[in-house]
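Visitor: I would like to learn how to read a structure feature by feature. Please walk me through one.

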Amino acid sequence: MSSVSEDQSDQCSSPPTKKLKIQEENSTTGAKCSSHNSVAPSRDVKMSANGTDEIDEGLYSRQLYVLGHDAMRRMGASNILISGMKGLGVEIAKNVVLGGVKSVTIHDEGTAAMTDLASQFFLRKEDIGKNRAEVTQPRLAELNTYVPITSYTGPLSEDYVSKFQVVVLTNSSLEAQIKIGDYCHSKGIQLIIVDTKGLFGQLFCDFGENFIVNDVNGEQPVSNMIASVTKDKDGVVTCLDEARHGYESGDFVTFAEVQGMKELNGCEPREIKVLGPYTFSIGDTTGMSDYVRGGIVTQVKMPKSLKFKSLKASLAEPEMMITDFAKFDRPGQLHIGFQALHEYKKKNGCLPKPRSKEDAEKFVALAKEINANAPAGAKQDSIDDKLLGLLAMNAQGDVCPMQAVFGGIAAQEVMKACSGKFNPIYQWMYFDALECLPENDDPTTEAECQSENSRYDSQIAVFGKKFQEKLGKQKYFVVGAGAIGCELLKNFALMGLSAGEGGMLTVTDMDSIEKSNLNRQFLFRPWDVQKMKSDTAAAAVKQMNPSMNITSYQDRVGPETENIYNDDFFEALDGVANALDNVDARMYMDRRCVYYGKSLLAGTLGTKGNVQALLPYVTESYSSSQDPPEKSIPICTLKNFPNAIEHTLQWARDEFEGLFRNPAENANQYLSDPKFMERTMKLPGMQPLETIISIKKSLVDDRPANFDDCVAWARNYFQVQYSNQIRQLLFNFPPDQVTSSGAPFWSGPKRCPHALQFDQDNSEHMNYIVSAANLKAESYGMKGNKDKAVIAGILAKVKVPEFVPRSGVKIETTEAEAAQSSSVIDDDVHMDEVRKALASPSEFKGFKMIPLDFEKDDDSNFHMDFIVAASNLRAENYSIEKADRHKSKLIAGKIIPAIATTTAVVSGLVCLELLKMVMGNKKLETYKNGFINLALPFFGFSEPLSAPKTKYYDKEFTLWDRFELQGMRNGQEMTLKEFMDYFQNEHKLEITMLSQGVSMIYSFFMSPAKVKERLAMKVSEVVQKVSKKKIKPHVKALVLELCCNDTEGEDVEVPYVKYNLY
């Protein structure tokens, strides 16, 4: 029978290894199968630690926010076969195993060769000559103990393939693809075929005749509050104009809480037609009651059916997905080209040799012959000789970043096939990264790309030996060893970045490994939990490539560590790769790279991914463009008028900080810092009074003597928040209150609340008391108690004061009123009285509170227990649908959903940009900023924006430019006057103001005496005098900002000054 795998016989000079065969159904295969812990593929597998069908949220938490529980359960019932364990196959397997499926079988008949080490991260030199699947199996099994891994080394029979729900073929012959494709299509087995050849990649999906997609994009269903609904043949819904509704024509919606037109409440999903940003039609509403007021409209995700063609049919009539609209015509060319590669190998016994012009010409001629005989649906008007010539020259190459990209995409398609979550690729995808080659005439010769029995031979086949040596000498800094950081380090190790003489890779991360990291930070294992990320990641990649020169740090990047990451450190670097999860740190690193003139690669992700290449003196910087800030929730909405669970969760987070962190910090500062009160009294508005009251409560009024007092406090606080305040609100604004215009006060975004009556038999009520009391006890260094029976006994003794609503209590109903109230001091409370009631710090000698920092991922610390209970009780007050712990953690913890597949793709794209930088490419059009959404799926690439240019006189400059000035001249540092004269004489610029950081060194409006004094001083002396800080020993240069006038006395914008001290 024909071969499934295409192994070392790709290379003409290598002896052919045993080929993997397709067998008929009655073949015996069991003898070729082995599994980790003897687990067969059909065994039912659980996804939780306790053996139930519950999902281990500690492990899968970030992925669950991407896929959801239902999709994860469907994945947990799927057996996956992945054929071909070279670099691409193992990348797919890694991502699928991390994702969590019922079982994975990895299949390969070939043995490991030296060329595999350029991309197969689970192979070592000592594995050469051993079967790839068998060697990979135990290492792959370490990634996820819930997923059994089986290795199989025999031929694939139809009987064997029938055991699986999804089959993935890599490194396979076209004959085998068609045969297995026909069988899978006939049996309803989802098939994915994926391959990379150097800087080219191909992917194909066949999910059967009737594949159901349950959720095409994974976005949360959009809800809006209703302003009106017309009674018409085409009823029009108008939403409140607080924000655009966000719907598209063809969406389906349903309704709730509509008053009057009650027929809409809970109705079957209705298809809409968008009429405007706040309006849409829902069809005939003439038979319904009249609309009165209110209501919520919510999007409904409707299943979508897709019909896929078999591989054989799709070869003839391909449906293409465009990945780069700048290369619109390439997919069709590559569709013919990849078929020609299969035919070339069949005729010649191997693929075209690297950089062989003769082989490339033969290949292009064959491609033209195939195109001439191609069906009309696949035939190209003409063959692009240059493009397919490059495909031929790349055919024997393995480029690790390309395999990371395609491995991530293919694994996501596996998850789609298993779960029905997200829109699959329909049906072909082609992608190339030819921009990684030299921009001008490529001087790389066939001799340069010859194999030399090196672990990098597969990469040398594409780029040549000289480029490989250049890669090895690079000095790079990876900031962050989380999800993207792990993937980048793996790719760098396989590529040989910094693995040569003089090379050095530095990685830093201040965090330790947590269980939730294991689902996507694949360099870490369960036994690594609590170890430092950077050390563990460095050791892991050193195992992958022992030649790696790598140093790990645990220091945060920031102003406080500039003595570590100093001038010497940055000036020695070739570039920086950001793998940071917060914007402030990214912007700091961006400023450092601009200052030192270093290239920066930035990869960010959530459910979507973004890649940015920043090239010195060419592109804009990361800080040049930013995402819009998150929309904040108005204060009055949080305090009195919540209408969504997001509002109650933010309120609960504010409660946590205001009860268990801020007061303890203020109290500790009051007790330990003699100048704390002096600083506090200088704060604006009501902040001084609020701070002093908070300290008095912490140290006097609410200070517990024992745990019983903590329970009593929690019970009384419950009464205040969920009963008394609501009763006061309804006293001020009764349910039938109307506005000055006669409209109901409680309408639109204002939901009329109701007070809660405490019930210790209500689990939510008791969860609040238990968590609040234990957190209170912890903040005072007391031992808590989780026993609800004990706490119930204490509650029985608690006396709750009677509450009577008061007249004259001011409640803010608008944001303007809320802002005004924050700056007005309440006349009923006098600062002097509060301060007198607060004892001096000396009376609390030895006492210290414990501020609690919110930690969402520790289920034993009561933090999320309090947040969930506090939020859901407030939601009950306002009849808002409650959120479970999982959703509450996402919103309150501001978790960025993440999944290993997107991480792999983003890191692969980052590394492709790095290859261009190391290659020395300078043209803006060579680089690609990328945006990906694997759910849709969508790939968008664009040229980076060039650095904006500014001009003074006839001199152009960008953010990368500066004045550089040597402060020392003839052994003496220049004075401030000499500094200013230099700019006047050399650049015809009159300095009107000069600053360093926040310190004003000179300004034209200073007193003459002060100007005279400073002009005579050395620049560094002025800086130290004004800032009242000594210049630290590691600082070699000062950054000085100028305001200048030109010769005509007009203000001109100029670059900053780097003033070198020595």
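Visitor: Is aspartate 116 buried or exposed?

Guide: Buried means under 20% relative accessible area, exposed over 50%, and partly exposed in between (1.4 Å probe, protein chains only). Aspartate 116 has 2% relative accessibility, so it counts as buried. A word on the source: this is a predicted model, where local features need pLDDT of at least 70, side-chain atom pairs count only at pLDDT 80 or more, and totals for chains, interfaces and linings use all residues. Residues are numbered from 1 along each chain as its sequence is written, and side-chain values use heavy atoms, with hydrogens and water left out.

Visitor: Which residue forms a salt bridge with aspartate 116?

Guide: A salt bridge is a side-chain nitrogen of Lys or Arg within 4 Å of a carboxyl oxygen of Asp or Glu. Here the partner is lysine 86, with the closest N and O atoms 4.0 Å apart. Lysine 86 lies in the loop between β3 (79-83) and α3 (87-99), and aspartate 116 in the loop between β4 (103-107) and α4 (132-141), so the pair ties together parts that are 30 residues apart in sequence. Those element names come from DSSP runs, numbered from the N terminus: helices are H or I with at least four residues, strands are E with at least two. Lysine 86 is buried, at 14% relative accessible area. Lys86 and Asp116 also belong to a network of salt bridges with Asp108 and Arg132.

Visitor: How many salt bridges does a search of the whole structure find?

Guide: The search finds 51. One of them joins lysine 696 and aspartate 701, with the closest N and O atoms 2.9 Å apart. Lysine 696 is buried at 18% relative accessibility, while aspartate 701 is partly exposed at 44%. Lysine 197 and aspartate 195 form another, at 3.7 Å between the closest N and O atoms. Both of these residues are buried.

Visitor: How many disulfides are found?

Guide: A disulfide is a pair of cysteine sulfur atoms within 2.5 Å. The search of the whole structure finds zero. Take cysteine 418: the nearest cysteine sulfur, that of cysteine 205, is 12 Å away. Cysteine 418 is buried, at 10% relative accessibility.

Visitor: Which residues make the nonpolar surface patch?

Guide: Patches are made of residues with over 30% relative accessible area and no salt bridge: like charges are joined within 9 Å, nonpolar side chains (Val, Leu, Ile, Met, Phe, Trp, Tyr) within 5 Å. Phe931, Leu936 and Phe938 make this one, about 240 Å². Areas come from the Shrake-Rupley method with a 1.4 Å probe; for residues, only the protein chains shown count as cover. Phenylalanine 931 sits in strand β27 (residues 929-933) and is partly exposed at 36%. Proline 937 is in the loop between β27 and β28 (938-942).

Visitor: Where is phenylalanine 862 found?

Guide: Look in the loop between α26 (831-837) and α27 (863-877). Phenylalanine 862 is not a glycine, yet has a positive phi of about 70°. Its relative accessible area is 14%, so phenylalanine 862 is buried. Tyrosine 953, also not a glycine, has a positive phi of about 50°. Tyrosine 953 is partly exposed, at 34%, in the loop between β29 (950-952) and β30 (955-957).
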